Amino acid sequence: MTVPALTDLQRAIIDGYQQHLPSSLTPYQDIASELGSNEADVIAAIDDLIQRGLIRRLGPVFDHHRAGASTLVAMAIPADKLEQEALSLNSFAGINHNYEREHQYNLWFVLTASHDQALQQRLEAICERHPWPVLVLPMEQAYHINLGFPLNWNGGADDVCAKR
Amino acid sequence: MSVQNAEQQLKFLLQQGLPLDSRPYRVLAQQTGLSEEQVLQRIQQWQQEGLIRRMGAIVDHHQLGYNANAMLVFDIPTEQVDMVGETIAASGRVSLCYRRPRRPGWHYNLFCMIHGRCRDQVLQQIAQLRQSLGLSVFPFQILFSRQQFKQCGGDYFEPDAKGAANGN
C-alpha cells in the first residue's frame, strides 16, 4: 500500500477534524492552537491537501434527504464503451460518486438535485442520452452514514495488506 | 437580497467547502449579505436540525491509500431488513448502511459500504461481519469498485436566482 507523503500536521488535521471543526469565527486559528501550530501553517497544510486531492474540501456534509433529492443509479454498459460513457455522464449536472464496479451493472453513480421533480428530469435526460439497462435505487432508510471514520496509517504487525 | 435568498446562497457556497481564509465566515458573509455571526449561527442551526450531518475534512479515501472499496449487498426478507440494518449499523464495521428497493432482476435490498486498504482486508472484514452477526444465511454479493470516474459532493443547492450580493 502506498500512503502519500504527509506532514505530521496534515495527519493531525485529518485525524482530528473529520467529524467537527471548532465552532468559532476563527476555526483555523483554533485548530492551530489545538495542534500547537500556527494559523498560516494550518491553512497552508489544508490547501496542500486539497490541491493534491487528498481531501476534497473542509466543510459541511449535507444530509441527502433533507438537502434535496438523490438516488443511486446503476447502468449495465458494454465494457468497450464504459469509460467513454462514464466520462460523458460526468458532464451531467448532479452526478457524483461515479464508479466502475465488478458486476453486470458496471457503472454506479449518485444523482442529486434540489427536489424530486428536478431529479426526475435529470434522470430522464440521462437515460435518453445513455439508454442502457438501468437500476434506479433511491435510499429508503439510512441505518448508518459516516464516511469520517478514523484512518489507519500503519497496518500493524498482522496487516493483511502488507503480506504480498 | 432577502434572508431566505441569502440562506440559499450560503448553502450553495458551502457545498464547495469553507473558504481557506483566516475569517472564513466573513468571506461567506460578504458573498451572501448576512453578517459574519449570522453565517456561523445558520451553520450551527443547520447542524442541530440535521441538515448538516458533520462539519470537517472530507477525505478522498482512495487517494489516502484506502484502495479497496466494496459495496456489499444483501437480500434480506422484508420483515427482517430493518432489524438487520440496525444490527450492522451498530457493529461499527461498515461506513454506510442503507435500505433500497428491489427491482426486477435485482433482489438485494440492503446496501453496505466497506472501505479498506486492500482487497484482502475488505474480504476479511466482510467474512467477519457475516459470521459475527449471523448473516451467513442471506444471499449477498460483493461489488468492488474498479475505476473512480468522479467523486465529489452533492449538487443540491442552486445559487440564489437573483445573484450574489457582490453582484455576480
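How many helices and strands are there in chain B? Chain B has five helices and five strands. The model is predicted.

**Overall build of chain B**

- Read from the N terminus, the elements follow the order α-α-α-β-β-α-β-β-α-β.
- The radius of gyration of chain B is 21 Å, whereas the globule rule gives 15 Å for 168 residues, so chain B is more spread out than a compact globule.
- Along the principal axes, the C-alpha atoms of chain B fill a box of roughly 60 × 35 × 30 Å.
- Buried residues make up 39% of the 168 residues of chain B.
- Among contacts in chain B with a separation of 6 or more, 65% join residues 24 or more positions apart.

**Contact between chains A and B**

- Chain B brings 65 residues to the contact, and chain A brings 72 residues.
- On chain B, the helices that each supply at least two residues to the side touching chain A are α2 (24-32), α3 (36-49), α4 (81-91) and α5 (119-132).
- The strands of chain B that do so are β1 (52-59), β3 (96-99) and β5 (140-150).
- This side of chain B holds 30 nonpolar, 19 polar and 16 charged residues.

**Strand pairing across the chains**

- β5(B) pairs with strand β3 (residues 95-101) of chain A.
- The pairing is antiparallel and runs over three bridges.
- One bridge joins A:Arg101 to B:Ser145 in β5(B).

**Helix α4(B)**

- Which residues of α4(B) are buried? They are B:Val84, B:Gly85 and B:Ile88.
- Seen down the axis of α4(B), these buried residues fall within an arc of 100°, so they line one face of the helix.
- B:Met83 and B:Ala90 are exposed on the other side of α4(B).
- The cover over the buried residues of α4(B) comes from both chains: it includes β6 (141-145) of chain A, along with β3 and β4 (110-116) of chain B.
- α4(B) is also one of the elements that supply at least two residues to the side of chain B touching chain A.

Definitions and conventions: Residues numbered from 1 in each chain as written. Chains lettered and ligands numbered in written order. Predicted model: local features only at pLDDT ≥ 70, side-chain atom pairs only at ≥ 80, totals over all residues. Contact = placed C-beta atoms within 7 Å. Helix = DSSP H or I, 4+ residues; strand = E, 2+ residues; numbered from the N terminus. Nonpolar A, V, L, I, M, F, W, Y, C, P; charged D, E, K, R; others polar. Pairing = 2+ DSSP bridges. Buried ≥ 20, exposed ≤ 12 C-beta atoms within 10 Å, placed from the backbone. Arc of directions from axis to C-beta. Rg over C-alpha atoms; globule rule 2.2 N^0.38 Å.
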